[in-house]
Amino acid sequence: MSWIGRKKIAFIPVHRPNAHPPDDPVPADWPNEIRRRAFFDPDTSTRMDRSLRAYIHAASSGLADLDGVVQPMLILDQQDVPVDALEGQFGNQLRSQGFDAGAIVMLGQPPTGTSQRGGFWARFDMSEQVGVWAMELMHVLTDFDDLYPFSGNMGAFDEMACNCGTHPSAYTKAAVGWLDPSAIAVHDVAARNYDLHAVGLVQPPPFGRWAAVRIGTQVPYLMVEARLMVDQFESKSRFEPGIPSQGVIVYRIQTTDPHGSAQNGQAPVSLLTPAALAVGQVFTSDTGIRVQVHAAISGGFSISIDEPGRATVPDLFEMSGANAAKAVHAAGLVAKFTGANQANSWVASQSPVAGQVVALGSTVTMVLRTGPMP
């Protein structure tokens, strides 16, 4: 379930006249206040737009958008207003009018933000900032789960872990359809350099750069990405904390669930670098994977990733037996031949295949043939 294109949202102001503690006073022009929060909400000092629509547009690189209609205010004389409190009265009507979601807007004290994940209804408060409004509607419209209920989570490096109005990580953006998987490099060699394009910038990245690097093909695997205070959402302000630091972050994906739900009682996404790596710093995983930040580049960082004790199997096809043996030994591997004698022969097949990353000292078995090559 992805939030792609424009979604139509019904914003429904709900006032509780006898709430305890009392609701905040009803604004003189509450509908217009909701429209301000949704469509154009400039910071008084920077004039940067921190509205819900601006956030969704920035976080999705323009792939997602929203339209909205503020409905007439409702007065409910009850203490608790469940997220689906208006389903029976308005649910079918709003769906028939083409709305993709309904948002109850309250005047009480936070935290009131909640939602039906993958459903229709969200609820939040006027005193809550854009991160809460965005998170609850993302739950509804993308079916993506919370990433925060465990220690060691992504914190302010992912909107779905903090509801603080920063960009989602590359993992989350890809999961909700806001980042094409082709923008994430798959590290499948023993060592390689990469240029990272900060996740908060417009995606996909320019030619020759990557939004992130994935290390590993099965869960758990590592992700590496660059974070910079590139816009009003990644930067600190008097309203939101922004990302805690700039640089390169490394985190571990610990779930196979496509919606980011936790498995095995552990955080679905675990941050391994609480402070982003600066130029010159190195992160080493518990399995020996080394991530080093070499230089700052415009809009990102140049890094290297290597796995000591690992080697990439060379391509040996149609090499002579003698040259193939040299190439295998040079890679730190052991050559084994079957078939024809090594002299005056050539490699017809090999195992493991070329490009596979294996432990140093592993054996590469080659089948030799003689005669003309195909």
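Here is a friendly set of questions and answers about a predicted model.

Me: What kind of model is this, and how are residues numbered?
Reply: This is a predicted model, in which local features need pLDDT of at least 70 and side-chain atom pairs count only at pLDDT 80 or more, while totals for chains, interfaces and linings use all residues. Side-chain values use heavy atoms, with hydrogens and water left out, and residues are numbered from 1 along each chain as its sequence is written.

Me: In what order do the 4 strands of the open sheet come?
Reply: Strands here are DSSP runs of E with at least two residues, helices are runs of H or I with at least four, and both are numbered from the N terminus. Two strands pair if DSSP finds at least two bridges between them. The pairing in this open sheet is antiparallel, and the order is S8-S15-S14-S13.

Me: Which strands are the edge strands?
Reply: An edge strand of this sheet pairs on one side only.

Me: What is the average twist from one strand to the next?
Reply: Axes are lines fitted to C-alpha atoms, for helices over the stretch in contact, and angles run from 0 to 180 degrees between N-to-C directions. From one strand to the next, the twist averages 20°.

Me: Which residue in S14 is the bridge partner of Thr284?
Reply: S13 and strand S14 (residues 290-297) run antiparallel and are joined by 3 bridges. For Thr284, the bridge partner in S14 is Arg290.

Me: What is the angle between the ring planes of Phe124 and Trp133?
Reply: Rings of Phe, Tyr and Trp (its six-membered ring) pair if their centres lie within 6.5 Å; planes under 30 degrees apart count as stacked, over 60 as edge-to-face and the rest as tilted. The count by this rule comes to 6 aromatic pairs. Phe124 and Trp133 form a stacked pair, 4.4 Å centre to centre, and the angle between their planes is 25°.

Me: Are Phe124 and Trp133 buried or exposed?
Reply: Buried means under 20% relative accessible area, exposed over 50%, and partly exposed in between (1.4 Å probe, protein chains only). Phe124 has a relative accessible area of 0%, and Trp133 has one of 1%. Because these values are under 20%, Phe124 and Trp133 count as buried.

Me: Which residue lies over the face of Trp133?
Reply: Trp133 belongs to a cluster in which ring pairs link Phe11, Phe124 and Trp133. A charge sits over a ring if NZ of Lys or CZ of Arg is within 6 Å of the ring centre and within 35 degrees of the ring normal. Over the face of Tyr221, at 3.6 Å from the ring centre, lies Arg214. For Trp133, at 4.5 Å from the ring centre, the residue is Arg37.

Me: How far apart are the C-alpha atoms of Ser169 and Pro42?
Reply: Ser169 sits in the loop between helix H5 (159-162) and helix H6 (170-175), and is buried with a relative accessible area of 0%. Leaving aside neighbours within four places in sequence, Ser169 is in contact (heavy atoms within 4.5 Å) with residues including Met154, Glu225 and Tyr251. Pro42 is 127 residues away along the chain, and the two C-alpha atoms are separated by 25 Å.

Me: Which backbone oxygen does the side chain of Ser235 reach at 2.8 Å?
Reply: Ser235 lies in the loop between strand S10 (221-227) and strand S11 (247-253). A polar contact is a pair of N or O atoms within 3.5 Å; within protein, one must be able to donate a hydrogen and the other to accept it, and residues adjacent in sequence count only if both atoms are side-chain atoms. The side chain of Ser235 reaches the backbone oxygen of Met229 at 3.3 Å. At 2.8 Å, the backbone oxygen reached is that of Asp231.

Me: What is the relative accessible area of Phe207?
Reply: Phe207 is in the loop between S8 and strand S9 (212-215). In that loop there is also Pro204, joined to Gln203 by a cis peptide bond with omega about 5°. Phe207 is exposed, with a relative accessible area of 88%.

Me: What is the phi of Asn163?
Reply: Asn163 is in the loop between H5 and H6, and counts as partly exposed at 29% relative accessibility. Although Asn163 is not a glycine, its phi is positive, at about 45°.
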